[in-house]
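Student: Hi! I'm new to this one, so could you walk me through it with me asking questions as we go?
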Amino acid sequence: MSTTKIPPLLEPYLSLPPEASLILLTSVLGASSNWLVLRHLYSYLRASAGEKGADVGVVLVSFMGDGAFWREGAGRLVSFTHPDNNPGLCGGGSSRLIMSTKGLDLDAMGRNGRFAFVDGLSGLFTGRAADAAGVDRGSRTLRSSETDHVRSEVEAALADLRTGTKVLVIDQLDVLLAASGEDVTSTGLAAMLLSLRERVRATLLTLSADDPLLHAQATTLEREHAALVLGQAHAAGRVMSLRMLDTGTARDVSGVVRITGEGHGEGKEEEEEEEGREYLYFVAGDGSVKVFERGT
Amino acid sequence: MSFRKRNVVIGTPSTAASSLPARQDKTLAPGVRPSPLDGRPTTSTGTPSLDQLLAGHNGFPLGTSLLIQEAGATDFGGTLLRYFAAEGLVQGHHVHLLGYGDAWRRELPGLDTGGKTSRMARKETAADDKMKIAWRYEALGNASSRTTPSRGQGEAQFCHSFDLAKRLESSHIQGKLYTTQVGDAWARPERTPFKDFLAGVAAAVKTTPPNTIHRIIVPGLLSPALYPSAACRPQEVLQFLHGLRALLRRHPSQITALVTLPVSLFPRSTGLNRWMELLSDGVLELIPLQHQSQMALEPGKENKSQGLLRAHSLPVFHEKGGGLEGSWSREDLSFKLSASSGLVITPYSLPPVGEEENASATPKATEGKKDALEF
């Protein structure tokens, strides 16, 4: 019995975005966007060769997660009730083996030219190369935090893709802004993003939208961060914000996702879309996510 | 006696998981056991109640970091760090310390070898009371504290018990302590030790055999007593935490890190603090007693907690976005420090207001006797 990998309520928002669009995902401490990025990846890459929509390639640039984390998450995108789901007995190893053959195999997609990973965690400020194990998977590592270097590496990764349609996903670009000091500014990053967006069909960004980072605006760090996030939020066609429950915690809800911007496809303009929709989501122990409306 | 047998035979995931190291001792390093949730290797923080707190993993997952923020001028976080270091040294792990010199080793709590029999007798009576509750669930929460006395000498212990009144003897130390001092903060305020420290740890991890566990300890990060003023710049401290995260992910089954931060100087409402929290896998906040205005101090009450503890994020759990089957609630927890059992974290409950007026007169005498029994 396999559960659907993409929650049905989110299906319309996860389809391939229109040309030259920007989607922004925001997260806070306690409500991370990793699961939503994985679902977007799955939605773009799930068509196997020969099917309609198979000509889509994705470049994932991550500044907070390494290649192993994303590969494992993508491999787990199938969840089904495995008979020995008791992790204490089998140690989780065997059930993971079965899952990864049916989930997204990012390694194979990398070899086929449909996926490329740019590692912004391992050597961003230290300048050291990643381990040999990472090199042969075809992923690139950012060695310095300069905007020019980042842009050239991402452009090279885009050139690695052998598909007609390309999508760029950048996870937590704000880490680069926050930790680089005066060298990297929000205007510099915005310019870099514009030049990268010209080369791809669509761009997906994740940024942190914590209160202290957006509303305080007393220090340079906070001002630059707010400038980046708010600027991209205005430029984006769709914004999906994740936050924790306002009323505390619950056993079966992990957080709230609020979606504003166009949703159901090109050309449809409904009144209610402008105000945004909110759904509750719950991430279960095996990584599967349920999205439901309030009151259900 | 029958109560003891039932607890062992239950076969709850935690006891099943802790019997796994017996079979896999060749592959798992000492002091490491698989998590009952997803099997990733976990190690003990030295404080059993903190192990229980970490989102169902019953231990500190390897490859993650924990940031402990403390309000005020107290140093409960330092106690947690000392227990963490002592546990690592007793298990044979390599402990890397940033900020102090070798003299820090003399402040570590000693291994609690004596007095086991009296504690086991107390546990028997506690077990008698608790038999009325569903015993199956009782063992689930307290597995680490129950199984250590019953398995004692045969198996490797996951979490040792320490005594703050004693000092850690060199004979008990099986691991190594590497220290990196910050250097003269006054003479050279521009130099920060972060890059050298991370390079040193990375080199140490490369040169030791692949199943040695390393623990990174950073007491009082950015404290002006230790660090120069240049360390507070975002590019210094955030690059350090980013590099630490990268190091942890590069060796995901070998390293853990515990960092404490004085949060009175870097309040949670600032962007820098929030970035430090985002770059760490788990964030706990300790709020000692004098900072709470609402908490009524009733003399002689059982609830002698010394402060509040709040978990803002937990390793692995929040990176996935969730995942524990509904039992992480952001409730407040309280902690209490005692010399014999270290920092004990328990759920925090305010006693009902009506009770204090009636209870104030009579229980003084009985509670005096109760205290005598506790020790």
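Tutor: Happy to! Let's start with a word we'll need: a residue is buried when its relative accessible area is under 20%, and exposed when it is over 50%. Also keep in mind that this is a predicted model.

Student: Got it. So are R245(B) and D281(B) buried or exposed?
Tutor: Both R245(B) and D281(B) are buried. They also form a salt bridge with each other, and the closest N and O atoms are 3.6 Å apart.

Student: Where do those two sit along the chain?
Tutor: R245(B) is in helix α8 (residues 234-250) of chain B, while D281(B) is in the loop between α9 (271-279) and β11 (282-288), so their pairing ties together parts that are 36 residues apart in sequence.

Student: Why would side chains like that pair up?
Tutor: Side chains of opposite charge can pair when their charged atoms come close.

Student: How many salt bridges does the structure hold?
Tutor: Over all chains, there are 21 salt bridges.

Student: Tell me about another one. What does E277(B) form a salt bridge with?
Tutor: One partner is R274(B), with the closest N and O atoms 3.2 Å apart. R268(B) forms a salt bridge with E277(B) too, and there the closest N and O atoms are 2.7 Å apart.

Student: How are E277(B) and R274(B) placed in their helix?
Tutor: They are three residues apart in helix α9 of chain B, which means about one helical turn separates them. An α-helix has 3.6 residues a turn, so residues three or four places apart point the same way.

Student: And is that pair buried or exposed?
Tutor: E277(B) and R274(B) are both buried. E277(B) has a relative accessibility of 0%, so it counts as buried.

Student: What about chain A, which residues are linked in a network of salt bridges there?
Tutor: That network links R243(A), D246(A), R258(A), E278(A) and R294(A).

Student: Switching topic: how much of helix α2(A) is buried?
Tutor: The helix is mostly covered, with 12 of its 12 residues buried. Among them are W35(A), R39(A), H40(A) and Y44(A).

Student: What span should that helix have, and what does the model show?
Tutor: At 1.5 Å a residue, the 12 residues of α2 (residues 34-45) of chain A should span 16 Å, and the end C-alpha atoms are 16 Å apart, so the two agree.

Student: Nice. Now S21(A), where does that lie?
Tutor: S21(A) is part of strand β1 (residues 21-27) of chain A. Its relative accessible area is 9%, so S21(A) is buried.

Student: What does S21(A) touch?
Tutor: Leaving out residues up to four places away in sequence, S21(A) touches R197(A), R201(A), A202(A) and T203(A). A polar atom of its side chain also lies 2.8 Å from the backbone oxygen of P18(A).

Student: Last topic, confidence. What is the mean pLDDT of chain A?
Tutor: The mean is 81, and 81% of the residues of chain A reach 70 or more.

Note on methods. Residues numbered from 1 in each chain as written. Chains lettered and ligands numbered in written order. Predicted model: local features only at pLDDT ≥ 70, side-chain atom pairs only at ≥ 80, totals over all residues. Heavy atoms only, no water. Helix = DSSP H or I, 4+ residues; strand = E, 2+ residues; numbered from the N terminus. Buried < 20%, exposed > 50% of the residue type's maximum accessible area, 1.4 Å probe, protein only. Polar contact = N/O pair within 3.5 Å; in protein donor to acceptor, adjacent residues only side chain to side chain. Contact = heavy atoms within 4.5 Å. Expected span 1.5 Å × (residues − 1). Salt bridge = Lys/Arg side-chain N within 4 Å of Asp/Glu carboxyl O. pLDDT = per-residue confidence, 0-100.
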